[in-house]
Amino acid sequence: MDRKKIIRWASAAILIALVAFTVISNQVYQDSLPRVRTQMVEQEIGSLLDGYGLWETLAWVPKECIFPASNENMVCVYRIEQRAGQFTSTEYFAQAVESPVLDEREDAVLLEALYLDFYETLICETNLPVRDGQTVVWLNEGE
């Protein structure tokens, strides 16, 4: 009888320890993620492209949303996407989009919007470096 009680108490202690370690692991994971703020960017319809029957689409992206790219004359912007999470049902991640620079002004850069959706939520501020596919904590979600 004593052996069964010892096994039950040991099992309960191990279960409590595993739950505590899971909670601590989740907190450490959340603390290690970059915290980002985003801004909504909208495309503009430009002129009709000769011979193609398509309209040129452009987007003035604020400079705070621009990150360096791997190639010269290219810039990188990070859009926010959603997927199934590790500890939650959904999580947000950064998806890198590289685009050539068409024009530049004091506060924004003109990009070809073929690479962007009509309304795009782009990362403009982060506390840690962000890379493609990385899970992020979206601070101003829904604004």
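Predicted model: local features only at pLDDT ≥ 70, side-chain atom pairs only at ≥ 80, totals over all residues.
Me: Why does Val23 count as exposed?
Reply: Val23 has 55% relative accessibility, and exposed means over 50%, so Val23 gets that label. Val23 is found in helix H1 (residues 2-32). Together with Leu15 and Val19, Val23 forms a nonpolar patch on the surface, with about 290 Å² of accessible area together.

Me: How many aromatic pairs does the structure hold?
Reply: There are two aromatic pairs. Phe67 and Tyr78 form an aromatic pair, 5.3 Å centre to centre, with 70° between the planes.

Me: Why is the pair of Tyr92 and Trp138 called edge-to-face?
Reply: Their planes stand at 85°, and the cut-off is over 60, so edge-to-face it is. The ring centres are 5.0 Å apart. Tyr92 belongs to strand E6 (residues 91-104) and Trp138 to strand E9 (residues 135-138), so the pair ties together parts that are 46 residues apart in sequence.

Me: How do you know whether Tyr92 is buried or exposed?
Reply: Buried means under 20%. Tyr92 has 16% relative accessibility, so Tyr92 counts as buried. Trp138, with 17%, is buried too.

Conventions: Residues numbered from 1 in each chain as written. Heavy atoms only, no water. Patch = residues over 30% accessible without salt bridge, like charges linked within 9 Å, V, L, I, M, F, W, Y side chains within 5 Å. Areas by Shrake-Rupley, 256 points an atom, 1.4 Å probe, with all protein chains shown as cover. Salt bridge = Lys/Arg side-chain N within 4 Å of Asp/Glu carboxyl O. Helix = DSSP H or I, 4+ residues; strand = E, 2+ residues; numbered from the N terminus. Buried < 20%, exposed > 50% of the residue type's maximum accessible area, 1.4 Å probe, protein only. Phe/Tyr/Trp six-rings, centres within 6.5 Å; stacked < 30°, edge-to-face > 60°.
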